[in-house]
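Which charged side chains pair up in this model, and where do they sit? The report below takes the salt bridges one group at a time.

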Amino acid sequence: MTDGEPLAATLRQIERSAGALATASVSRMDESLPWFRELPADQRSWVMLVAQAGVQSLVQWLRTGAGARGGPQAVSDEVFDVAPRALARSINLQQTVALIKVTIDVVEEQVPHLAAPGEEQQLREAVLRYSREVAFAAARVYARAAESRGAWDARLQALLVDALLRGDSADVLASRAAALGWTDAPPVAVVVGRSPGGEAAIVLHGVHRAARRADVEVLGGVHGDRLVVVVGGASDPVAVAERLLPAFGEGPVVVGPAVPSLEAATESARSAMAGYRAAPAWPAAPRPVAADDLLPERALAGDGEARRILRHSAYGALARTSGELLETLDAFLTHGGALEATARALFVHPNTVRYRLRRVAEVTGFGPLTPRDAFTLKIALALGRLEPGTQGEQLTKPT
């Protein structure tokens, strides 16, 4: 605009009053916003710079025509360039809107002193339009910051999950978890399933949204077509995993055993990954399914941990008894689970067979009368007889 154009005198007056308007705005923020008084001195000074830039930007915005294509948005975005992006992490969007409102209120109150005679209403309307542009600019700044932070968090979470799967040192896990704000609420468990596809940051956003509803702590990473999620503070990991299912793609979702902390979560991750690889062998498995419920499939797939558990907790436990339980179980499985046929083969009463089978369930944790457990016991017996010298391993079946 030139001096002969509308608002020329008003613009000169606003420019002369820029410092005073910014100072008055910050003073009003200090009076009306309790949280603003608690900000560190450097952050308060950044707000002062933003307020001053906002007044100068108003002048430039008016000079572009207050609505010319491309002008208002470009100027409005520049308002926040004077402050470090770190300010967006210290002051949330709602608080920023409150600061903008205070500044606009102060400018509106000064309209009678800033506007040239007859231009008061025109200036007031322009200030209202400009405040809307600044509010949109603030939303854009926070959206960019959130997008950048989301992408960084996704990369950091992926690195942590990588370290967990590799079995890196506890110090590496702790440092990366601390950077993500992980509180290590016990117990901790690892959940593995198929990723729904798409950008990792978007996938993890879905995981965290579901976790907030389940009131648990999570970290996650997308590895190829797999989504690996670390859950903290879940007393029943399988039940929590069920609430996280919307974040996963189709296919099995396997839950590793609960462990005391993230430091010990490598064990849970190994079990969950082994279970995920073996899950296709049990098409009727529940979703989600505990990795411990996939022990026979894991053993058949070559998982050494599952083989050791079955040898010790089933075959080894029975072999250390009087021998009757192992003999009865073997006969029961051989005769297809028929009590009468088993009793005839052992020359005992069917009730004796029932009693011994109950004892087998007590000793091993697997009930022979349940088809699924009978299958597990059959695999355990085969493994134990293939490697009879390992039955005394100091290893117990996870609970």
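## Salt bridges overall

The predicted model holds twelve salt bridges. Among them are pairs formed by Arg307, Arg311 and Arg356.

## Two arginines on Glu387

Arg307 forms a salt bridge with Glu387. Their closest N and O atoms are 3.7 Å apart. The pair links distant parts of the chain. Arg307 lies in helix α15 (residues 304–319), while Glu387 sits in the segment after α19 (371–386). The two are 80 residues apart.

Arg311 also forms a salt bridge with Glu387, with closest N and O atoms 3.2 Å apart. Arg311 lies in helix α15 and Glu387 in the segment after α19, so this pair ties together parts 76 residues apart in sequence.

Is Arg311 buried or exposed? Arg311 counts as buried, because its relative accessibility of 5% falls under the 20% cut-off. Arg307 is partly exposed at 23% relative accessibility. Glu387 is partly exposed too, with a relative accessible area of 31%.

## Helix α18 to helix α16

Arg356 forms a salt bridge with Glu324. The closest N and O atoms are 3.7 Å apart. This pair also links distant parts of the chain: Arg356 is in helix α18 (residues 350–364) and Glu324 in helix α16 (residues 324–334). They are 32 residues apart.

Arg356 is buried at 12% relative accessibility. Glu324 is partly exposed at 40%.

## Shared partners

Conventions: Residues numbered from 1 in each chain as written. Predicted model: local features only at pLDDT ≥ 70, side-chain atom pairs only at ≥ 80, totals over all residues. Heavy atoms only, no water. Salt bridge = Lys/Arg side-chain N within 4 Å of Asp/Glu carboxyl O. Helix = DSSP H or I, 4+ residues; strand = E, 2+ residues; numbered from the N terminus. Buried < 20%, exposed > 50% of the residue type's maximum accessible area, 1.4 Å probe, protein only.
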